[in-house]
Amino acid sequence: MTKRICLAAIAAVLLVGLTGTSAATAQTRSQNLFIYDQGAIGSNQPSASVVVASGVVNAVGTDEYVASQPGDPANVDRDTLIFPDGTLSTKLTKTVDQVTPIGPCTVALEMAGTLEITGGNGAYRGANGAATFSQHGIGIGASLPGGGCSHTQGTYYIWGTFTGTLTVP
């Protein structure tokens, strides 16, 4: 009888432990991102990008711009963050989007707002989350023959931090 009670107790502990383990993998935890993009002004993709993630996703990847969806307002951008084990789909809503001239053919860029993780693939299938962000950068327009600056040719450099939470089932 004592042996049966011990076995039942062990089975109950294992059952609770296994249930707790699966529930723990789906809990919401902190997520931080550092994103750097550079590219040609007017291009729809960065020529170089690095995404450093720490938290639920702990990896280094890249950033790929995605076309806006029907109904997206002008202050919304969409990106896919690509990591070795999967991707995260994002919706970035800018509440600050400043371009400030700082010299000949050069502007300072400042953006801030919220980031929503709208899904994922691979190891991050079904991911969701939210973050606030602050990005800074510089845009350097090409000099035109005879003076002046091009607003459609040149290079941009943008870097920023994103801090929030992420759930991966």
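1. At 2% relative accessibility, does Phe-162 count as buried or exposed? Phe-162 counts as buried, because its relative accessibility is 2% (buried means under 20% relative accessible area, exposed over 50%, partly exposed in between, with a 1.4 Å probe and protein chains only).

2. This is a predicted model, in which local features need pLDDT of at least 70, side-chain atom pairs count only at pLDDT 80 or more, and totals for chains, interfaces and linings use all residues. Residues are numbered from 1 along each chain as its sequence is written, and side-chain values use heavy atoms, leaving out hydrogens and water.

3. The chain comprises one helix and eight strands, in the sequence order α-β-β-β-β-β-β-β-β. Helices (H or I, at least four residues) and strands (E, at least two) are DSSP runs, numbered from the N terminus.

4. Two aromatic pairs are found in a search of the whole structure. Rings of Phe, Tyr and Trp (its six-membered ring) pair if their centres lie within 6.5 Å; planes under 30 degrees apart count as stacked, over 60 as edge-to-face and the rest as tilted.

5. The ring centres of Phe-83 and Tyr-124 are 6.2 Å apart and the planes stand at 85 degrees, so this pair is edge-to-face. Phe-83 belongs to strand 4 (residues 76-83), whereas Tyr-124 sits in the loop between strand 6 (106-122) and strand 7 (128-143), 41 residues apart. Both Phe-83 and Tyr-124 are buried.

6. Phe-133 and Phe-162 form a stacked pair, because their ring centres are 5.2 Å apart and their planes are at 20 degrees. Phe-133 is in strand 7 and Phe-162 in strand 8 (residues 149-167), so the pair ties together parts 29 residues apart in sequence. Phe-133 counts as buried because its relative accessibility is 5%.
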